[in-house]
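Welcome! Take a look at the picture, then follow the points below one topic at a time.

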Amino acid sequence: MVRFGAARRFGFGLGILAFGWAAAAAAGTITAQINSDDGAAISDAVVYAVPVGAPAPLKPSKALMIQENQQFNPFVLPVQAGTAVEFPNRDSFRHHVYSFSPAKSFELKLFGGTETQIVTFDKEGVVALGCNIHDNMLAYIYVVPTPYFAKTDERGQVTLSDVPAGNYTVKVWHPNQKAGSEQKAALAVAADGATAYKAALTLKRDRKQKKPGAKDETEY
Amino acid sequence: MGALARAVFSALTCSAFCIGAGALHADDDLPSLTIKGLLDGRLAFTDTPRSWEDKGFGKTRYGGDATGDHRELARLAEAAAVMQAHLTWDLSAVVHITANSQQRHAVDVVEAYVQYKPAPTGNLGVRLKAGAFFPPISLENTNLAWTSPYTISSSAINTWVGEELRTIGAEASAVYRSDTWDASLSAALYGFNDPTGSLLTWRGWAIHDREAGLFERLPLAPLPNFKVGSGSAPGQAGAVDPFKELDDRIGVYIAGGLNHDDGYKLRAIYYDNRANNRVFDGRQYAWHTRFGAVSAATDLTEGLEVVAQGMAGRTTMASFPTHTVADNDFASAFVLLSHTWDQHRLSGRAEIFDINDNDHTPDDPNAEHGTALTVSYVYRPTPTQRLTIEALHVNSNRDVRARFGQSRRQSEDLVQLSYRLFFSWE
């Protein structure tokens, strides 16, 4: 766990620079439609565009992984590497959040009430979150090397806006996608235009966050 | 020694628990206390055979009256509370108590243990449990206070687990977590399980939901072999005291489990109480009981689950130093299908159970064979209420009934209506 301070200020400065640069250069959008290979829309898929041959600017953004009603919210949280994520506990009871993923291994002891702790994610990759007290709780933080990212809605759609004109590698990630079915494509983003992207993912069986005591009575 | 040791032991766990509870609102909200519980009011419409609970030969919890007539009963089937005190972030104490209209004491302790469960820091982790708790056998009794989400009555296998099995000792587990599955390997050392096998032998399998507390005695029919002077098991009390230490030998089990993200679960256990089956304390014989059990559960489609379990083992008792008086192979298996939609759950379970009597002791015929069908419908109007209607049909053939002038083959029907109210405090 790292308290953000200098990193945030530095990131913020860079962000202003980046924003200035992006606004000066003409920016376009990428609209993506992500389906499963049998045609069903997929929500919670992270779509991100990595600039080709240019460094990706660090864009500060506020990111929250909330614990509420014995669940994590959101189920999938995409963040740019270097982002400090806040973990507020909005339940009246304790949560013991952990991850042992290679991208970030940590443990947070969150008392009930309004306790918030902050973790900075600076390594790209998947961070699977669990709670040592409530086995039903599950969520993913997906750390990407670019500020141009978003996740799909219920219709499998997502729009990345303010993407500076240029060449990008567009990638998609979903917690249920089958290993080896990673999707990526080269995409040229034009100034003031929308570039369309479509991908079909091969999914494993649906893996989602269980409701507390979903099976029946509250478990202990 | 048994009762005293159990009392000391329960007191120890309870004090760990009370230290936790008593120190509430200490630094940083730790220790903290959570209490969850349930009340179960029951209407039962019975068949005519007398229940084993009333020293009869029926397999169900509620049976006919002394005159051989069926009954309609209203009972407090269960009042249970599970109290968990988190002593630190990794260490907690759990005490599970129960009250019902059939048990010996007004309130009894079902489980009392401390658990060390650190947050995983890598793929491999450890867990430790010490005290009194259920061995990891059932994929059926997964809910609060060892109840089943599917039915009122547990399967024959888990009914017996609830009656005669309790790990009173310590269990260590290694857990390996991958991206898509986790596997555990557990080993336990325990005592106080020497009588295990006596109820299974002398009463046979049963199908109900009343698990035994640590201080409980479970009734036996007045079998002729208990008679001093003429019986082959002279002096056996008219009730089994399941959690007694008789021979000062330690029992063991090894258990494995696998949970896969694709929705399936597997469990396997080998259990051996390693009892010296020549020991008798004047009321209770020690039985050498060992068995293997496997269970599996998976979601077939959205909302449709299947749970299956099998168990096979052997139990022996040698009241005469020269030869084994009782030697029985026991086995049972069930398949349960359950469909959930909205606030509803419909479940059906089919099972078989069997005891082979390998000895030739003339006054101790323990062979039995039976089948049972259970159909249960659960409606949950709110998260804190559960309404269940269950029909249970048991067919069984048990040799010892003939000694009492009854038919070996008996069929029983029991219809139960249960209203459960859940409460929690934290």
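The largest nonpolar core of this predicted model has 70 residues. Within that core, V82(B), Y113(B), A156(B) and I157(B) have the most contacts. Another core lies apart from it, with 48 residues, among them A49(A), M65(A), L108(A) and M137(A).

**Chain B as a whole**

- Chain B is built with three helices and 18 strands.
- A compact globule of 426 residues would have a radius of gyration near 22 Å, and chain B agrees with this because its own value is 21 Å.
- If you draw a box around the C-alpha atoms of chain B along the principal axes, the box is roughly 65 × 45 × 40 Å.
- What share of the 426 residues of chain B count as buried? The answer is 47%.
- Take the contacts in chain B with a separation of 6 or more: 62% of them are between residues 24 or more positions apart.

**A buried helix in chain B**

- Helix α2(B) covers residues 156-164, and nine of its nine residues are buried, so the helix is largely enclosed by the rest of the structure.
- Among the buried residues of α2(B) are A156(B) and I157(B), two names you have already met in the largest nonpolar core.
- The buried residues of α2(B) also include N158(B), T159(B), W160(B), E163(B) and E164(B).

**A buried glutamate in chain B**

- E78(B) sits in strand β2 of chain B, which spans residues 72-86.
- Is E78(B) buried or exposed? E78(B) counts as buried because it has 25 C-beta neighbours inside 10 Å, and 20 or more are needed for that label.
- Leaving aside residues up to four places away in sequence, E78(B) touches L38(B), D40(B), T98(B) and N100(B).
- E78(B) and Q102(B) are 24 residues apart along the chain, and their C-alpha atoms are separated by 9.5 Å.

**Strands side by side in chain B**

- Strand β6(B), residues 167-177, and strand β7(B), residues 181-191, run antiparallel and are joined by 10 bridges.
- To follow the pairing by eye, look for V175(B), which stands opposite S184(B) in β7(B).
- β7(B) is also joined by 10 bridges to strand β10(B), residues 251-260, and this pair runs antiparallel.
- Which residue of β10(B) is the bridge partner of S184(B)? The partner is G257(B).
- A handy rule for viewing strands is that, in a regular strand, side chains alternate between the two faces of the sheet.

**An open sheet in chain A**

- In chain A, four strands form an open sheet with antiparallel pairing, in the order β13-β2-β15-β16.
- The edges are held by β13 (149-151) and β16 (183-189) of chain A, each with a single partner strand, so one side of each is left without a neighbour in the sheet.
- On average, neighbouring strands of this sheet are turned by 20° against each other, direction ignored.
- Strand β15(A), residues 166-173, is joined to β16(A) by seven bridges, and the two run antiparallel.
- In this pairing, K171(A) stands opposite K184(A) in β16(A).

**Two domains in chain A**

- The domain assignment of chain A gives domain 1 (1-60 + 158-204) and domain 2 (62-146).
- Where the two domains of chain A meet, domain 1 brings 18 residues and domain 2 brings 17 residues to the contact.
- On the side of domain 1 of chain A that touches domain 2, α1 (6-24) and β2 (46-51) each supply at least two residues.
- The largest share of that side, five residues, comes from β2(A).

**Backbone details in the loops**

- N73(A) and P74(A) are joined by a cis peptide bond, with omega about 5°.
- P74(A) is placed in the loop between β5 (71-73) and β6 (76-80) of chain A.
- D192(A) is not a glycine, yet it has a positive phi of about 55°.
- D192(A) lies in the loop between β16 and β17 (194-201) of chain A, and D192(A) counts as exposed because it has 9 C-beta neighbours inside 10 Å.
- D342(B) is not a glycine either, and its phi is positive at about 45°.
- You will find D342(B) in the loop between β14 (326-341) and β15 (344-357) of chain B, and with 8 C-beta neighbours inside 10 Å, D342(B) counts as exposed.

Terms used: Residues numbered from 1 in each chain as written. Chains lettered and ligands numbered in written order. Predicted model: local features only at pLDDT ≥ 70, side-chain atom pairs only at ≥ 80, totals over all residues. Rg over C-alpha atoms; globule rule 2.2 N^0.38 Å. Buried ≥ 20, exposed ≤ 12 C-beta atoms within 10 Å, placed from the backbone. Contact = placed C-beta atoms within 7 Å. Pairing = 2+ DSSP bridges. Axes fitted to C-alpha atoms, helices over the stretch in contact; angles between N-to-C directions. Core = buried A, V, L, I, M, F, W, Y, C linked by C-beta atoms within 7 Å. Domains from an automatic or database assignment.
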